[in-house]
Amino acid sequence: MSLLSLSPQAVATVAFFMVMAVTLIGALIAVAARNIFHNVLGLALCLFGVAGLFLYLNSPFVALMEILIYVGAICIAICFAIMLSEPLYLPRPPRSASKILGGVVGAGLVLVFLGLLTRKTQWVPAAQRSTDWSVTTLGHYLLTNYALIFEVISLLLLVAMLGAVVIARGGRGSS
Amino acid sequence: MEMLASYLGTEVARMVVGLIGVIALVSVNALFLIWMERKVSAHIMLRPGPMEVGWHGSVQTICDAVKLMAKELITPEEVDRPVYYLAPVVVFLPVLLTFLVIPFSQSLIIKDLNVGIVLILAFSTLTVLAILMAGWSSNNKYSVFGAIRSVAQNIAYEIPLLVTVMSILLMVGSFKLSDIVAAQGRYWFILVQPLAFILYIICATAETNRTPFDLPEAESELVAGFHTEYSGMRFALFFLAEYTNMFIVSAVATVLFLGGWRGPILPGVVWFLLKVYALIFLIMWFRWTFPRVRFDQLVTFAWKILIPLSFANLLITAFLMKLF
């Protein structure tokens, strides 16, 4: 029982860094691996790490929803997309430097934006806002205070669907 | 601080005891279910089934398990090694986790989370990912076919399953499994939601890849489907996960529709296990009653019949809840 000799804070810190490591390793695999199937598995691992972060922040419901929707549905849907893509036994085209550069610049811009955003924001600890974070409360918030955000997020799905239709149409006709 | 440590101590002890109990239950349950499956199938076909080892062949599966453990773990040449090795682990671990919230009786539950049913549903989706990993990494066309079929089938049947469960949750107003059982104090939910029960059982049969929805491992077309290339204990893990999944879907059905551990005279655990094994028997019965469906029938059935029915059921439930 060496676990109990540690203070709760130490255990929490260790748990935090483990979750972070899982997230980062998953993200690296998702970006760097050459086999597209490994990319998806890396993404699943990364999302698992994110679910762990939510659990660390004491909101198991959001963590489980993360697993149910992102790992369970989105990653599987991506696997479907892979099955429609090029066969894996074909030689893969070499990485193009300009694309990597574009990716790095794009991701870097997002990182800078998020960094600035976190610095500017006045953070209020959740405990001071409310003490009741049950599923019922979350549901009420989603349909009252945050209904607009909730609806705007669904636009993302619409855009994704339109994009899929456009890509699929072009592919069918040309090949 | 000390109080927290002692609290943590009891929690950790509870977890450790629970985990050991769950692993024991999973193994014994799988051994028993395989024997039961062989006996049920045999008696439905009017033959005795295994009779040689032990009373009515009751030790047969233990011998089979020992044989499986002694077998060589074959790794084919061209497999995608890391994924190939990981797949049996990924299929088995979430199955263990779901036992965390299953209430065997009033007090016999490892951790009564208030998001219990969501936990079970979330981790059961990981089975698909594991099947896909196994099929894809095996580098074998039969395995890939099995995996693709499994994914298409699971995505299609997951939607009506979730919507059906939602109509029960609407009546209870809680994700906690013990609350769902407590809400059935006066009558079982199967009496007021018979359609939901039928939908749930159909979807659960499909989710566990059982006949008549066993296209992912259709023996007559795909050798063994996604686990064709696995041998020894790796194969045994897939098998174990399949039978444990059967136990879990039956346990969830017991909690949602059959009043969980409730019942007269006998203790709660006994009632719970009786109901679970009765449901498992029902699922086994399906296997020897219905022929395997064709793939287009399978997908059409899910999208055109089950999903509209489950949504109609949800709407009617919501309407009646508002009315009364």
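Quick housekeeping. This is a predicted model, so local features need pLDDT of at least 70 and side-chain atom pairs count only at pLDDT 80 or more, while totals for chains, interfaces and linings use all residues. Residues are numbered from 1 along each chain as its sequence is written, and chains are lettered from A, ligands numbered from 1, in the order in which they are written.

Now, burial. Of the 175 residues in chain A, 13% are buried. Buried here takes 20 or more other C-beta atoms within 10 Å of a residue's own, exposed is 12 or fewer, and partly exposed is in between, with C-beta atoms placed from the backbone.

Helix α3(A), residues 36-56, has 21 residues and reaches 30 Å from its first C-alpha to its last, close to the 30 Å expected at 1.5 Å a residue; the expected span is 1.5 Å times one less than the number of residues. Its buried residues include A:V40, A:L41, A:F48 and A:G52. What covers them? Among the elements are α2 (8-32) and α4 (60-83) of chain A, plus α3 (81-98) and α5 of chain B. Just after α3(A), A:N58 takes a positive phi of about 65°.

Then there's α5(A), residues 97-120: its 24 residues should span 34 Å, and its end C-alpha atoms are 34 Å apart, so that agrees. But α5(A) is hardly covered, with a buried count of zero.

On to the interface. 23 residues of chain B are in contact with 19 residues of chain A, contact being C-beta atoms, placed from the backbone, within 7 Å. On the chain B side, the largest share, six residues, comes from α5(B). By class that side has 21 nonpolar, two polar and no charged residues. Nonpolar is Ala, Val, Leu, Ile, Met, Phe, Trp, Tyr, Cys and Pro; charged is Asp, Glu, Lys and Arg; the others, Gly among them, are polar.

Most residues other than glycine have a negative phi. B:H56, not a glycine, has a positive phi of about 50°, and is found in the loop between α1 and α2 (60-70) of chain B. B:N209, also not a glycine, has a positive phi of about 55°. Buried or partly exposed? B:H56 is partly exposed, with 14 other C-beta atoms within 10 Å, and B:N209 is buried, with 25.

Definitions and conventions
Two residues are in contact if their C-beta atoms, placed from the backbone, lie within 7 Å. Helices (H or I, at least four residues) and strands (E, at least two) are DSSP runs, numbered from the N terminus.
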